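Please look through the sequence and the model below before reading on.

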Amino acid sequence: MSHMSKNKTKLIARVRRLKGQLEAIERALDADEPCGAVLNQVASVRGAVTGLTAELIEDHIRNHVADPDTDDDPERARGAADLIEVMRTYLK
């Protein structure tokens, strides 16, 4: 996806943070950390993956469906904006 190349550095940084979070979970499990602490770490990873997913889907909509900020067709722009809003709400 060529449009991702402009955000590539930012996306890779997010993935690397996720990788670090997963490694922290592995260390916590190896160290027999309390289950509550491990579950909190897992919840954090889940939230980070959800955030990354939302960003990728929104970018896809804006670049391959319609960009509500630049589309000349007001109906299509409104539909794209609605879709992005629903997706953000759904992935919270």
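The side chains of Asp 71 and Arg 76 meet in a salt bridge with an N to O distance of 2.7 Å, a salt bridge being a side-chain nitrogen of Lys or Arg within 4 Å of a carboxyl oxygen of Asp or Glu. Arg 76 counts as partly exposed, at 44% relative accessibility, where buried means under 20% relative accessible area, exposed over 50%, and partly exposed in between (1.4 Å probe, protein chains only). This is a predicted model, in which local features need pLDDT of at least 70 and side-chain atom pairs count only at pLDDT 80 or more, while totals for chains, interfaces and linings use all residues. Residues are numbered from 1 along each chain as its sequence is written, and side-chain values use heavy atoms, with hydrogens and water left out.

The structure holds eight salt bridges, and one of them joins the side chains of Arg 14 and Glu 55 at 2.1 Å, N to O. Because Arg 14 lies in helix α1 and Glu 55 in helix α2, this pair ties together parts that are 41 residues apart in sequence; helices (H or I, at least four residues) are DSSP runs, numbered from the N terminus. Of the two partners, Arg 14 is partly exposed at 21% relative accessibility, whereas Glu 55 is buried, with a relative accessible area of 19%.

Another salt bridge is formed by the side chains of Asp 69 and Arg 62, at 3.0 Å from N to O. Here Asp 69 is exposed, at 63% relative accessibility, and Arg 62 is partly exposed, at 24%. Both residues belong to a network of salt bridges that links Glu 58, Arg 62, Asp 67, Asp 69 and Arg 88. Leaving aside neighbours within four places in sequence, Glu 58 is in contact (heavy atoms within 4.5 Å) with Ile 84, Met 87 and Arg 88.

Helix α2 also holds Ala 54, which is buried at 16% relative accessible area. Not counting residues up to four places away in sequence, Ala 54 touches Met 87 and Leu 91. The C-alpha atoms of Ala 54 and Glu 26 are separated by 26 Å, and the two residues are 28 residues apart along the chain.

Helix α1 spans residues 8-30, and its 23 residues reach 33 Å from the first C-alpha to the last. That reach is close to the 33 Å expected at 1.5 Å a residue, where the expected span is 1.5 Å times one less than the number of residues. The buried residues of α1 are Leu 11, Leu 18, Ala 24, Ile 25 and Ala 28, and what covers them includes α2, residues 35-65.

Most residues other than glycine have a negative phi. Asp 32 is found in the loop between α1 and α2, and there it is exposed, with a relative accessible area of 67%.

How values were computed. Helix = DSSP H or I, 4+ residues; strand = E, 2+ residues; numbered from the N terminus.
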